[in-house]
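Hello,

Here is the structure for the salt-bridge review. My notes follow below it.

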Amino acid sequence: MSRSFARPPSRPGLLRLRYSHQALALFLVLLAALWLLLAHAMPAPPKQVGIATAFKGGAYEHFGQRYQQALQAEHIRSTLLPSQGSVENLRLLADPGSGVHLAFVQGGVSNAQRSPGLVSLGRINHQILWIFHRAEVPFDTLTQLKQRRLAVGPQDSGTRVLADQVLKLHGISAGNAQLLPLAGEAAAEALLSGQVDAIFMAFAADSPLVQRLLHDPRVQLLSLRQAEAITRHLSFLVRLVLPQGAIDLEHNKPMRDIELLATTNAVLVREDLHPDLVQLLTRHLVAEHGQAGLFQRAGEFPLSSDPEYPMAPAALRYYKQGPSFLQRLLPLTMAVQVERLAALLLSAAALFFPIFNYAPRLYRWWIRERLHLPYRQLRALEARLQHRLDADETAALLKELDALSDKVRQLGVPSRHSDLFFELQSDIQLVRMRLRESPAGDPGTRERQAETQTLAV
């Protein structure tokens, strides 16, 4: 018996559906791979932000509350973490497990060498060293504070770091004065109740607590007549002057110019903070700290440079270019998703455009691959012609050729590639003609073979 080399015929519609599903699956897999790649390269900004402030009533707490409102408007939750001040803020920010992403830090407390891995969003304002004392006990110079009770802030606060350095220049230390770790509201209450003689507060001028004390007739602000000389010893400090009448012109407060010392406050983040969140925070810095104040003109702050820490690249881009078009129109989280989708589409276009450019060649190669199996079957049938065939074997081969020709028709070769289709059909016809021209394939020969077999019987 003869063996058939042809497979059961399949329907063209089912073949096209199968190949369409394969192409769709490949496309979806590639899109998923691109999405995962972009999710790694462009992660979404955190939805929870921790902000290290300081003690109650201070400027850092006030700024933290303002930042919290700005983040809430962008659908980002934030938590304010009170601390002892700048030194503790630095320690919290450097610890990835603390939950702190942003911290207010006073200038002169540290720098990039001592606190690596931190970057600045800019300097936001002057941090003024306010020295208040009770009005009934006047002081003219810092040296008069020896043997006095002084509230200089907790050990880890920026106020304490600054006060210690200034007092040391005037020969004051824990050996000849009582240095108490009081700060903020607690220090103010101790001064008003007579528990301390003077308090040191490194706060911004718009701090609610400072404004309250400036208007309180029971306390007086000490003018540092040697402020310029102190800045020569401590280069991170600057001399500022609070003009006469600047607090209250009607009542002429203060009654004379007050010389003060000040450093600047920095907003620091870890260098791995999401760049979109950095730009959002920088935008708020500009909106929150760009107004005019007692010691600054409109637009003077925030500063787009930092003498102690490197600037965050995303913050520098914002200072130079402003917010992106999408960030002007949409909340941050939505803008990031749109940007990721746009990046995905551009990446897909960059990936698939070369493929589409070579698509005709690839498609022709794919058609040839589909015709490869029928050609193998045709080669096998043609090889059998090299042997002597009887009538039954020849008839079986003709049926197999017919089946192979039908199978090629059912492959659904597109019209644009008809040359490949007719080329294979032509080769099938050539084998069919060779088979019919063989002695076993001639009808007369088959009849004579049949008569011979009959006579032999």
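E185 has a relative accessibility of 27%, so this residue counts as partly exposed. Please keep in mind that the model is predicted. The side chain of E185 forms a salt bridge with that of R212, at 3.2 Å from N to O. The two belong to distant parts of the chain: E185 sits in helix α5 (residues 184-192) and R212 in helix α6 (residues 208-214), 27 residues apart. R212 is partly exposed as well, because its relative accessible area is 38%.

A second pair joins two strands. R239 and E259 form a salt bridge whose closest N and O atoms are 2.7 Å apart. R239 is in strand β9 (residues 238-242) and E259 in strand β10 (residues 258-270), so this bridge ties together parts 20 residues apart in sequence. R239 is partly exposed, at 36% relative accessibility. E259 has a relative accessible area of 18%; buried means under 20%, so E259 is buried.

Next is the pair R123 and E308, whose side chains meet in a salt bridge at 2.6 Å, N to O. R123 lies in strand β4 (residues 118-134), while E308 lies in the loop between α8 (275-289) and α9 (313-321); the two are 185 residues apart and link distant parts of the chain. Both R123 and E308 are buried.

There is also a network of salt bridges, which links R134, E136, R149 and D197. For the whole structure, the search finds 16 salt bridges.

Regards

Note on methods: Residues numbered from 1 in each chain as written. Predicted model: local features only at pLDDT ≥ 70, side-chain atom pairs only at ≥ 80, totals over all residues. Heavy atoms only, no water. Salt bridge = Lys/Arg side-chain N within 4 Å of Asp/Glu carboxyl O. Helix = DSSP H or I, 4+ residues; strand = E, 2+ residues; numbered from the N terminus. Buried < 20%, exposed > 50% of the residue type's maximum accessible area, 1.4 Å probe, protein only.
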